[in-house]
Amino acid sequence: MAFKEINLNMGPQHPSTHGVLRLKLAVDNEVVLSVESIIGYLHRGMEKLWENLTYTQVVPLTDRLDYLASLSNNLGYVLAVEKLAGIEVPRRARYIRVVLAELQRLASHLAWLGFQANDIGAMSVLLYGFEARETILDVFEEYCGARLTIHGIRIGGVPHDLDAALAARIRKVLDGIPRRLADIRALLDDNRIWKQRTVGVGRIAADDAIAYGLTGPCLRACGAAWDMRKDVPYSSYDEFDFDVPLGRNGDVYDRYLVRLEEICQSIRIVRQALDGLPEGETSAKVPRVLKVAPAEVFHTIEAPKGILGFYIRSNGTDKPERVKMKSPSFINLQSVEHMCKGNLFSDVVGILGSLDIVLGEIDK
Amino acid sequence: MPDAAADRPELRPALDALSARFPGVVLSVGVEKGEITVRLGKAGLIPVLRSLKEEAGFNALEDIIVLDNLRTAGEGGKRFTVLYQLCRFPGADRVRLAVDVGEDEGLDSAVPVYRSADWAEREAFDMFGVRFEGHPGLRRIYMPDDFEGHPLRKDFPLEGRDGGV
């Protein structure tokens, strides 16, 4: 067939872009020549807003970044503020944060699993994944009344204690997830269509991935063991025993395997945190009006999508001088062009889905 | 070099090598809350980035952060400070480079050294108007192409201009 470059527009209202993302594609018949991401449709000027709010008022706004993992955003921001202001968080609060953050990772990965399979055409996985995710959202609802934009972590600690009844409920939820996961794996792991659409698709080598700034499960799928929970443990992660699952080929299939294994590891962490939950306060004493002496910090956590960082500079008042968010989805999306080039046009949707982006945190 | 790396001894060799190789470029090294900030003159930015990446192993550029010094710069101070947040994998040693740049000057683009600088520099340009010379396609990333002004500058009103965008 003769070479013929065709330009195609995908989005911004395309169902598989998980928000409002526009991709400008150049294709030669079925093969992708180039991809350009056009973002900003959801830009709300978060960083500008944060400069005009007090440190405490910023926390609920961080829910609206990665809205599938709002607790992780809360945690990332709050830890940066605590480092900046020198606030020591009680051990019990740190453990409760770990329970919440790992449950959030479970919810985020389960949602991703459903979306990814749905994008590729396996509708039933979406229903299984969301059923399991729902049980976790119920836990959040019981903990603080919210399910999606949770605002479940405060500067200095957590808003509520985790009592025995809730702990028992969490254990029950955790017991149910491996069974659901086994159902999903039975549908996908050796499914010929699933493997044709994922194995060897959207490959990226570890060196390229690091050069592009890729982090999180997508980087670990290339075999690079970079996990902030191990490398720079925060919030008592060094007190738990867990593995960092790695892939080998850096393709869509390995990203799937890595996230599935991370679900199992998160369950392990939550169980350990519940077993070892120390007695004590759930929050440090934090002044009602928090004023922070001039300083700057950059603090990162391992969010479900990758390394989430907050740079905060204080100026002695109750409002930050500047807050800059290092958004994992923003940086991960940058490498989509590298991953799609030379692949089939029909695989763009699968590759994009495998990155697990959320436009709320890309556009800020 | 003074005892700036005192509480981060593992980074001392890299920092010593840096100030020995680039005398006059490295203006100061400070440690605050366990984080290292190296202040540079703007001419030395790219050689220092390249040296940190290729010789000291800082293989990841995590973020580029711009500060608007409009209210704090004082007489003769530069309008912006651009921060480069570098990280070394495996592990997670970090160092932050700080370069001051005036409103009508540009900075050399870091894209030839770190590919991940591409979108970060576009964001810095869009939000603050800092120009990066040699960037492969410096254009706005969030705001519409015909937007005027740079929203994160301190003199850009919070509520927008003329009733918003």
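This is a predicted model: local features need pLDDT of at least 70, side-chain atom pairs count only at pLDDT 80 or more; totals for chains, interfaces and linings use all residues.

Reply: Let's begin with a contact, which means heavy atoms within 4.5 Å. In chain B, take the contacts between residues at least 6 apart in sequence: 50% of them join residues at least 24 apart. Residues are numbered from 1 along each chain as its sequence is written, chains are lettered from A and ligands numbered from 1 in the order in which they are written, and side-chain values use heavy atoms, with hydrogens and water left out.

Me: How many helices and strands does chain B have?

Reply: Helices (H or I, at least four residues) and strands (E, at least two) are DSSP runs, numbered from the N terminus. Chain B has three helices and seven strands, and from the N terminus on they run α-β-β-α-β-β-β-β-α-β. In chain A you'll find 15 helices and six strands.

Me: What is the radius of gyration of chain B?

Reply: That radius is taken over C-alpha atoms, and the globule rule to set beside it is 2.2 Å times the number of residues to the power 0.38. Chain B comes out at 17 Å, close to the 15 Å that the rule gives for 165 residues, so it is as compact as a globular protein of that length. Its C-alpha trace spans about 55 × 35 × 25 Å along the principal axes of chain B. For chain A, with 364 residues, a compact globule would have a radius near 21 Å, and the chain's 21 Å agrees. The C-alpha trace of chain A spans about 70 × 45 × 35 Å along its principal axes.

Me: And how do I read "buried"? Is Val29(B) buried or exposed?

Reply: Buried means under 20% relative accessible area, exposed over 50%, and partly exposed in between (1.4 Å probe, protein chains only). Val29(B), in strand β1 (residues 26-32) of chain B, counts as buried because its relative accessibility is 12%. Of the 165 residues of chain B, 56% count as buried; for the 364 residues of chain A, the figure is 60%.

Me: Which residues does Leu75(A) contact, leaving aside its neighbours within four places in sequence?

Reply: They are Arg97(A), Ala101(A), Ile153(A), Tyr234(A) and Ile301(A). Leu75(A) sits in helix α3 (residues 70-85) of chain A, and with a relative accessible area of 2% it is buried.

Me: Where two chains meet, how many residues does each one bring to the contact?

Reply: Chain B brings 40 residues and chain A brings 45 residues. Arg115(B), Trp119(B) and Tyr142(B) supply 21% of the area that chain B buries against chain A, more than any other three residues.

How values were computed. Buried area is the accessible area (1.4 Å probe) that two parts lose on being put together, summed over both.
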